[in-house]
Amino acid sequence: MKILATAVGDTATAPQVTGFIESPFNPLAHQVAEQLLSGVDGARLGVVLASELGDSVTTDLSSRLLTEGRPANALLFMQATANAILGRISIEHDITGPLLSLAPGEHPGGGPLDVAELLLADDLDRVLVLGVELAGTPRTDAVHRRRGTEPRAADLAAGLLVGRGDGLPKPYPPGVAGLHALAATPTAQGDRR
Amino acid sequence: MNDVVVTGFGVRTAFGDGADALRSGVFAGRAAFGPIERFGTEGLRTGVAACAPGTPRLRTALTEVADSAVAMAGLPPGRGTAVLVGAAGDFTAVTAFWASGATDDVEDSAAGRFADVLAERLGARGPRTTFTTACVASANAIVHGCRLIAAGVVDSAVCAGGYLVEPENQSKFDSGRALSRDGAIRPFSEGRSGLLLGDGVAAVVLESAAHAARRGADVLARVPGWGVAADAHHIARPHPRARGLVLAATAALGKGGPVDYVNAHGTGTQHNDSAETAGLHALFGADAPSIPVSSTKSTTGHMLEGAGAVEFVVTLLALLDRTVPPTAGFTGRDPVCDLDYVPNEARPAALRRALTVNAAFGGANTALVLELP
């Protein structure tokens with residue numbers, strides 16, 4: 001597998017996405033995708049979005065509304081899963097391949113690039129691999145404390161457009177931080193179209 | 001490419017554990033819906049779902065069905081066994097945190113934990129992935145297991161997924177006005193008004209045919225094809241002609257021709273059921289009216305992340321029992337839903353090959369074909 005293009009996201013510059021509210025998760029995923037899909041043919045393309053703790057802002061805001069006895073927000077229902085922003089990206093680029101979101105762990109072999117490699121071997125020409133990890137909420141900070149890991153101090157978003165070929169050494173990084181490190185390194189190797 | 005076979009399963013729904021519970025509920029056309037007693041439903045338009053007794057934990061339920069599947073398969077998981085899960089985090093842990101600051105189970109609020117928990121319990125040392133793709137999550141886990149085995153990356157996979165009814169999603173679906181107004185799911189029927197949620201957790205053991213043969217394992221079914229595709233149409237509504245479903249099912253069906261039964265996604269919503277019907281017409285052409293199609297969500301409820309895995313098991317059981325499970329709650333024909341939906345009563349049939357399809361928010365679709373060996 002080889003990297004065709006890379007991009008990183010930035011909460012400060014990520015444009016709002018119509019219909020998505022409150023959380024930076026979806027604008028970040030959309031911002032990275034837009035950088036990588038400009039001019040790319042959406043046919044025979046798949047998308048894999050990785051996030052270890054998901055859209056914690058949306059999850060926690062919905063839960064707070066519930067536990068405080070306030071009315072639920074139907075827009076938060078709509079964006080409660082990453083399927084929503086993946087669907088938006090697929091509509092904008094007429095992508096009919098797989099749209100996958102996953103929560104990777106630290107165990108090698110099951111991360112987003114491993115999944116992308118299998119998709120390429122099966123029936124696709126390109127896979128857009130996205131990773132978004134948000135800064136900690138009180139709940140995700142508690143998850144980190146239980147795990148003995150460090151919460152993120154800031155949002156992190158990165159993406160790789162990958163295709164068949166050689167060049168990306170294994171084992172692939174399983175998590176979003178590893179994706180970001182690859183995306184921040186100038187390793188693009190081919191024609192992304 | 002290695003052939004993929006099924007050698008074990010475990011399943012839990014509102015009807016209870018195992019195949020006999022499915023036979024007494026799903027295959028009897030008996031809906032499991034009732035007033036929710038697991039949590040308060042004050043302020044909701046709909047307080048009905050298909051729940052087992054008590055307040056089970058998702059981690060425990062996933063562990064138990066995976067144990068059952070591995071025991072049935074007689075599989076000793078090891079280096080070559082992948083563990084693939086379809087699940088969101090356990091929302092009861094999220095609710096507990098925000099309601100009282102409880103952190104005892106807060107790790108379960110992170111979906112990725114479940115693949116690790118199962119892998120460590122089973123001693124599986126292959127790849128682990130948790131898919132979070134909502135209503136196709138566990139179907140994605142099964143498809144990924146098929147891909148890993150077909151490509152020779154692993155020789156076996158435990159694929160699981162689940163959802164247990166809890167207040168967060170009941171509230172969200174209620175706020176989205178997606179829930180049925182009359183206490184039943186009536187897929188493909190006149191008068192259908194939406195879905196209801198239900199408990200559903202399942203696991204299956206997949207192996208390469210060669211690996212199963214070397215072990216002398218009993219093969220329950222083959223999985224000759226699978227597909228995953230997107231509608232690229234609308235975030236919350238399916239493509240009216242089920243573009244993604246047709247693409248996914250076309251890939252799954254391959255060159256094997258028609259099937260003897262379709263376990264439909266069939267959520268009981270106006271948009272899903274008409275689109276799915278149109279898609280099945282496009283897939284099967286002149287054969288479509290003669291292929292039995294049922295939505296077993298009419299008995300189990302919509303099991304969200306668990307739907308794909310539970311309905312895979314239901315489809316497997318239909319093949320093994322030579323019985324088409326019915327669509328319960330069917331009161332009459334809708335002009336835009338004109339297939340054979342097996343209304344209300346199971347039907348004996350010489351089934352050899354079946355298709356199960358699922359769809360999700362964002363226009364995500366999956367399809368899996370099962371065949372008797």
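Analyst: Happy to. The radius of gyration used here is taken over C-alpha atoms, and the globule rule puts it at 2.2 Å times the number of residues to the power 0.38. Please keep in mind that this is a predicted model.

Let me start with the two partners. For the 193 residues of chain A, a compact globule would have a radius of gyration near 16 Å, and chain A agrees because its own value is 16 Å. Along the principal axes, the C-alpha trace of chain A spans about 55 × 35 × 30 Å. Chain A contains seven helices and five strands, and their order along the sequence is β-α-β-α-α-α-β-α-β-α-β-α.

Chain B has eleven helices and 15 strands. Its radius of gyration is 19 Å, close to the 21 Å from the globule rule for 373 residues, so chain B is as compact as a globular protein of that length. The box filled by the C-alpha atoms of chain B, again along the principal axes, is roughly 60 × 50 × 40 Å.

Now to the part you asked about. The contact between the chains involves 50 residues from chain A and 48 residues from chain B. On the side of chain B that touches chain A, at least two residues come from each of α3 (91-100), α4 (113-122), β6 (128-131), α5 (137-150), α6 (167-175), β9 (221-230) and α8 (243-253) of chain B. Sorted by class, that side of chain B has 24 nonpolar, 18 polar and six charged residues.

One is β6(B), which pairs in the antiparallel sense with strand β3 (residues 99-103) of chain A, over two bridges. Within that pairing, A:Leu102 has B:Phe131 of β6(B) as its bridge partner.

The other is α6(B). Helix α2 (residues 56-67) of chain A packs against α6(B) at an angle of about 90°, and their axes are 10 Å apart. That angle makes α2(A) roughly perpendicular to α6(B). In this crossing, A:Ser62, A:Ser63 and A:Leu66 of α2(A) meet B:Pro167, B:Glu168, B:Ser171 and B:Lys172 of α6(B). By class, the contact of α2(A) with α6(B) has two nonpolar, three polar and two charged residues.

Helix α2 (residues 58-73) of chain B packs with α4(B) at an angle of about 40°, their axes 10 Å apart. The two helices, α2(B) and α4(B), are therefore oblique to each other, and α2(B) passes α4(B) in a right-handed crossing. From α2(B), the residues B:Arg59, B:Leu62, B:Thr63, B:Ala66 and B:Val70 meet B:Phe114, B:Val117, B:Leu118, B:Arg121 and B:Leu122 of α4(B). By class, this contact of α2(B) with α4(B) has seven nonpolar, one polar and two charged residues.

The peptide bond from A:Lys170 to A:Pro171 is cis, with omega near 0°, and A:Pro171 sits in the loop between β5 (156-163) and α7 (176-183) of chain A. A:Glu22 has a phi near 70°, a positive value in a residue other than glycine; you will find A:Glu22 in the loop between β1 (2-8) and α1 (25-37) of chain A.

Definitions and conventions
Residues numbered from 1 in each chain as written. Chains lettered and ligands numbered in written order. Predicted model: local features only at pLDDT ≥ 70, side-chain atom pairs only at ≥ 80, totals over all residues. Contact = placed C-beta atoms within 7 Å. Helix = DSSP H or I, 4+ residues; strand = E, 2+ residues; numbered from the N terminus. Nonpolar A, V, L, I, M, F, W, Y, C, P; charged D, E, K, R; others polar. Pairing = 2+ DSSP bridges. Axes fitted to C-alpha atoms, helices over the stretch in contact; angles between N-to-C directions. Parallel < 35°, antiparallel > 145°, perpendicular 65-115°, else oblique. Left-handed = near helix turned anticlockwise from the far one by under 90°.
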